[in-house]
Amino acid sequence: MVGIKPRFDGDLPEGAEAGFDLIALGADGQPENTPLHWALNRVETRYQWYRVDGDWKWEPITSRERISEGETRPEDGRASIAVPVRWGRYELVAERREGAWAEAAVAFEAGWYAPADASTTPDMLELSLDKPAYRPGETATLRIVPRQPGKGLVTVMSNRLIDMVPVDLTEGENVIRLPVTDDWGAGAYVAATLIRPMDQPAGHNPARALGLAHATVDPGPHRLSAAFEVPAEAEPRQPLDIALKVGGIAPGETAYATIAAVDLGILNVTGFASPDPDGHYFGQRKLGMGLRDVYGRLIDGLNGAMGTVRSGGDATAGMRRQAPPPTEELVALFSGPVTVGEDGIAHARLDIPAFNGTLRLMAVAWSPTGVGQAEADILIRDPVVVTASLPRFLAPGDESRLLLELVHAEGPAGRMPLSVTAEGVTLDPAAIPEAVELAQGGKTALSIPITAGMPGVQHVKVALSTPDGKRLTRTLTLPVEVTDPEIMRRSRFTLADGQSFTADDALFADMRPGTGRATLALGPVARLDAAGLLASLDRYPYGCTEQVTSQALPLLYLDQLAEALGLGTRAHLADRLDRAVTEVLANQSPSGGFGLWAPGSGDFWLDAYVTDFLSRARAQGVAVPDRAFGMALDNLQNRVNYAPDFDSGGEDIAYALMVLAREGRAAMSDLRYYADTKAGAFATPLAAGQLGAALAAYGDPTRADRMFARAARMMAGRMGRDEPPVWRSDYGTDLRDAAGLLTLAVAAGSTVVDRDALTGYLAATDRTLSTQEASWMLLATHELIDRPGTGVGGGGFTLNGAPLTGPLVRLLAPGDGPAVLGNDSGRPETLTVTSFGVPEMPGPAGGNGYAISRRHYTLEGDPVTLDAVPQGTRIVTVLEVTPFSDDRARLMVADPIPAGFEIDNPNLLRAGDIRALDWLGTTAEVRHSEARQDRFLAAIDWGSSDPFRLAYILRATAPGSYRAPAASVEDMYRPDRRAWSETSRASVTP
């Protein structure tokens, strides 16, 4: 074979020499000194027009002109050539003519070209500039190559029009000279438009060709030079002294720099590029002007058809490449601002942890008049590199192995003492030698059996001593977690005066060790089990926009309760609220609306719910960006203004009006219209109550009470019924509506709603609640508490003999010891005990409303089990959900994966993604999916009694024996309608 390697990257400037390395290889792949003939061709493209069935069409015709050729004889199979080139497109062809014929070719360009490929369509005009960058005062030479003569217009522009020059263009090369002025800024676009008139005798319509090139303006003294002065290699676990040389600082100015050192693996997996202030300030910017003409609206004078624009802009934009995740410890260090000394050097010291790998150093330098940046890679490694491999997580009782690979890189070799210890997991001491023997450049591997114990973040410590006395240590993190579905039990009773209640480990008797938690609550917070609801929301495993909002909303008011339950300090809870605001705003669309799983719009009720949260958060002092909040309010206002009339519904309109009224953005005429004319059309008690709350906020108590009374009558007719599982666009249920109505009526001070009846209805529920139900019940609790009296402090109650202070709630865990709660207050009080945990003995597959099964197949479609799966094997997991009715629901399918396996292809969800697996058939369309390290999740809206299937690929990664928890499907807004599969075991063999 023959190979060609250019000695340049990208395009060449005009007049440069194009250098190439040639290689000739024989059939055995070894270099040969066979003579090679080479030829340099200039490639030109012209267009031939032809007419078919009355329509004109075109096709490109490519021709090659021989520029130079020659022959070279390789030495040791290699040869080099260099040939001068002018402006244009070229190809170099090299061939072996003696013996077996072989040929290779490479294409390249010379000259400064527009970024678009002008050869793709005759509507593009070839043009280029003579230099990569200019200084103000210089002259830019623009070369234009039309395929036909015509009138031309050359335009210079950035975010405004800078210059415009009309020219007459001939076929072939035309040279236009343009003065570069300060108006060009950091760069400008040069556009050329060619107009060719109609030629009716020749059958040619008017034609327009367009070309565009960017001219960079050299920033000169505003660009600082920066370069790292560091060694190529360094050792971990010690400070790394970094020197950054900065040049180009103007006299009398002080420069500064920031220096970061980041694991190259992190940068690869995130696609993060080094900071580039030079490119930001002086690089090519988006064209800030539009080019408009009526060419696309011209009527074809020959056949009466509309003109066709045959070129586009971003169709060839590249796809982002992904890299595999890093295998070493992740490192991200930052120096903060440092001052550049008088010698032009900035010094920083970073403490390198126990890390083996490549660190990328990145620097940003700046002064009052200039910016610059630098980048360098440095290899961090021990004399003996210790690489550890563990599963990403384990479940209690899982058995796997710790794989240690020790590679000698430098320094003395020989016998090296080894220590491997663990906390929370058990290692087999028989597999751990006291020392290992390593030769120069040698390596060895150890496989140490490991068994997981109690849940938690456990650690394994590895220490190796080299012959010269260096102690090399690594600490490995191993999460041990239970991924089985959790259950909740709630008990509510009255604790009479003089009585006591003892809570001990009997609450967790049938739960898996390490999974049990319980909450105790007294008083008003106990009646609606505020403590248990807050704990359940905190443990909720999913995270759509509605769920994130529902988790955060009660924390705005019940922070004391959350702190007493151990959900975080005040500062931590404030940070959680900030993160919740950030998360929901990440799903805000440019219109101001919100998507459920990604930025989107169209869900009016969700828009109102999230905006309600943002409004309440601002009122409680949480930082909410003004622009984002303003967009959310504008969206609600626009949706209300353009809302269609309705005879039954209005849930979204009522909610939006309530939020707008709180912010003073609602129109009083709208509120009165809906209250006076459409009151009976609102379909839910909550909607009627929200309109009442809006009227109360605007000082109209008469209409407000009328709406609250209507809502109460609607709610009274629903509290005694078995609610059908109907789809609701407002994510609600009767229970949620009751909690919301109670919240709003109490907050508005309305007395037309029977608070005791609503509270009793809410307290009587004993099923698992949705995030909507839990969040609104907690808001109701907040409104019902007599602040600052009952429920906070409250004398007469003791815990283990000590007076209770703060909210009358406590969080209990196994091993905390008995908790004796006494009542000496002189009055009876409600006590609620709620326990959470994973059952010790998993039940059989079952469900309510659904059934779910899990099967495994080879990539060819043969059924398999997860018993003794060879390491590295890929298996298709298929989940099939069978609804028992055609009720529409928002479902979440969750499949916890066994430790020792990883999800290989999280995108295997649609028929279009599984063309290679024809046997699988059709899988369901999902709204959202996640491939977490411990489970597969898919959200799907389904409204049929037909079964549906989901699929993904598992890959066996770590030998061992693992628990395979049950897969489950759940109606997220009626969580008592759920199903689960069987629990089993899985094993991976080496």
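Me: How many aromatic pairs does the structure hold?

Reply: It holds 20 aromatic pairs. Rings of Phe, Tyr and Trp (its six-membered ring) pair if their centres lie within 6.5 Å; planes under 30 degrees apart are stacked, over 60 edge-to-face, and the rest tilted. Keep in mind that this is a predicted model, where local features need pLDDT of at least 70 and side-chain atom pairs need 80 or more, while totals for chains, interfaces and linings use all residues. Residues are numbered from 1 along each chain as its sequence is written, and side-chain values use heavy atoms, leaving out hydrogens and water.

Me: What links tyrosine 655 and tryptophan 776?

Reply: They form another tilted aromatic pair, with 6.5 Å centre to centre and 55° between the planes. Tyrosine 655 is in helix α10 and tryptophan 776 in helix α16 (residues 771–784), 121 residues apart. Both residues are buried. Ring pairs also join them with Trp605, Tyr609, Tyr731 and Tyr973 in a cluster.

Me: What makes arginine 890 count as a charge over a ring?

Reply: For that, NZ of Lys or CZ of Arg must be within 6 Å of the ring centre and within 35 degrees of the ring normal. Arginine 890 lies over the face of tryptophan 727, at 4.0 Å from the ring centre. Lysine 678 lies over the face of phenylalanine 646, at 5.3 Å from the ring centre.

Me: Why are the buried residues of α11 said to be on the same side?

Reply: In helix α11 (residues 668–677), the buried ones are Leu671, Tyr674 and Ala675. They cover an arc of only 95° around the axis (taken from the directions from the helix axis to the C-beta atoms), which puts them on the same side of α11. The face turned away from that buried side carries the exposed residues Ser669 and Thr677.

Me: What makes the phi of aspartate 529 worth a look?

Reply: Its phi is positive, about 50°, although aspartate 529 is not a glycine. Most residues other than glycine have a negative phi. Aspartate 529 is found in the loop between α3 (524–527) and α4 (530–538), and it is buried, at 0%.

Me: Why is asparagine 800 called partly exposed?

Reply: Its relative accessibility is 47%, which falls between 20% and 50%, so asparagine 800 counts as partly exposed. Asparagine 800 is found in the loop between β37 (797–799) and β38 (802–803), and its phi is positive too, near 55°.

Technical notes: Helix = DSSP H or I, 4+ residues; strand = E, 2+ residues; numbered from the N terminus. Buried < 20%, exposed > 50% of the residue type's maximum accessible area, 1.4 Å probe, protein only.
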